[in-house]
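Subject: Structure for you to look at

Hello,

Here is the structure I said I would pass on. Please open it first and then read the notes under it.

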Amino acid sequence: MSQDSNTSANEDAHRGPRHVAIIMDGNGRWATQRGRPRLFGHHAGAKRVREIVESCPDVGVKYLTIFAFSTENWKRTQVEVAGLMGLFRRYIAKETRALAEFGARVRFIGDRERLDAKLVSLMNELEETTAENTKTNLTIALNYGARDEVARATKLLAEDVACGLLDPADVDEETLPKYLDTRVLPDPDLVIRTSGEARISNFLLWQSAYAEYEFIDTLWPDFSREEFASLCSSYGDRDRRFGGVKK
Ligand code: IPE
Ligand code: IPE
Ligand code: MG
């Protein structure tokens with residue numbers, strides 16, 4: 001697969017972000033504020049996703065990547081982890097049709113090895129069902145950790161060196177991204193984290209080296225299409241220099 005270069009002149013001209021990545025945080029606190037169990041917050045959070053996906057074409061976002069479960073989230077209680085896994089299974093089963101009809105191409109990044117077989121088969125099915133869609137690209141990071149991703153990529157790269165497919169002398173900064181889970185995606189232009197925490201928690205470390213960041217106080221279940229549009233719009237005022245000098 002090659003990187004999507006199917007960008008119209010119109011899309012190039014707009015100053016909004018082409019790829020937005022979101023760390024959807026704050027579900028637990030949202031539920032606690034209401035005296036409800038944390039899973040209640042996760043359910044409310046899952047409901048926000050469709051609206052944001054569907055607003056992407058309106059704000060010129062061609063790629064949306066969302067952080068659903070990290071490699072560190074297994075540290076949570078068994079009840080919360082099992083509840084989240086059940087939620088992912090139900091969410092995928094329920095949303096497949098709507099996402100497919102909307103025209104979203106869905107991909108998953110992260111390590112599937114530790115996920116249960118039923119969930120993995122639903123993930124594969126959703127990827128296959130939406131493989132021809134082009135309206136927007138939704139990538140769901142599930143059991144994703146950037147350090148884990150880099151470790152897995154390095155292992156694949158080392159295997160290619162060991163069997164003579166890759167010469168170590170040819171390794172440069174274009175090489176590793178070809179082995180990352182995100183190899184078919186452009187780098188994020190804008191990374192949004194909800195819930196007031198100003199950290200990236202092992203999300204897209206390599207890919208976001210030059211991303212713009214927005215840390216906002218809104219808890220994920222309260223995040224709206226309007227706030228998303230406003231963040232995408234203010235992104236256009238930023239001056240991305242990539243180490244160069246302002247023109
Ligand atoms: C984000 O919300 C969802 C996941 C990490 C799975 P949290 O569950 O982290 O919510 P807070 O941060 O505890 O409020
Ligand atoms: C990051 O949120 C992971 C997801 C949103 C899936 P966390 O709530 O797990 O991050 P920390 O623990 O606050 O760093
Ligand atoms: Mg959190």
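This is a predicted model: local features need pLDDT of at least 70, side-chain atom pairs count only at pLDDT 80 or more; totals for chains, interfaces and linings use all residues.

Residues are numbered from 1 along each chain as its sequence is written, chains are lettered from A and ligands numbered from 1 in the order in which they are written, and side-chain values use heavy atoms, with hydrogens and water left out.

Ligand 1

There are 13 residues around ligand 1, and those that come nearest are Asp-25, Gly-28, Arg-29, Arg-38 and Arg-76. A residue counts as near if one of its heavy atoms lies within 4 Å of the molecule. By class, this shell has 3 nonpolar, 5 polar and 5 charged residues. Here Ala, Val, Leu, Ile, Met, Phe, Trp, Tyr, Cys and Pro are nonpolar, Asp, Glu, Lys and Arg are charged, and the others, Gly among them, are polar.

Helix 2 (27-33), helix 3 (38-55) and helix 4 each give two or more residues to the shell around ligand 1; helix 2 has the largest share, with 3 residues. Helices are DSSP runs of H or I with at least four residues, strands are runs of E with at least two, and both are numbered from the N terminus.

On its own, ligand 1 has 380 Å² of accessible area, of which the protein covers 87%; the areas come from the Shrake-Rupley method with a 1.4 Å probe.

Ligand 2

Which residues are around ligand 2? They are Ile-23, Met-24, Asp-25, Phe-67, Ala-68, Phe-69, Asn-73, Arg-76, Arg-193, Arg-199 and Ser-201. Strand 2 (residues 63-70) gives the most to this shell, with 3 residues. The classes come to 5 nonpolar, 2 polar and 4 charged residues.

Side-chain atoms lie 3.3 Å from an oxygen of ligand 2 in the case of Arg-193, 2.7 Å in the case of Arg-199 and 2.6 Å in the case of Ser-201. Taken alone, ligand 2 exposes 390 Å², and the protein buries 78% of that.

Aromatic rings

The count is 10 aromatic pairs, where rings of Phe, Tyr and Trp (its six-membered ring) pair if their centres lie within 6.5 Å. One of them joins Phe-69 and Phe-88, 6.2 Å centre to centre with 80 degrees between the planes. This pair is edge-to-face; planes over 60 degrees apart count as such, under 30 as stacked and the rest as tilted. Phe-69 is in strand 2 and Phe-88 in helix 4 (residues 78-102), 19 residues apart.

Regards

Methods:
A polar contact is a pair of N or O atoms within 3.5 Å; within protein, one must be able to donate a hydrogen and the other to accept it, and residues adjacent in sequence count only if both atoms are side-chain atoms.
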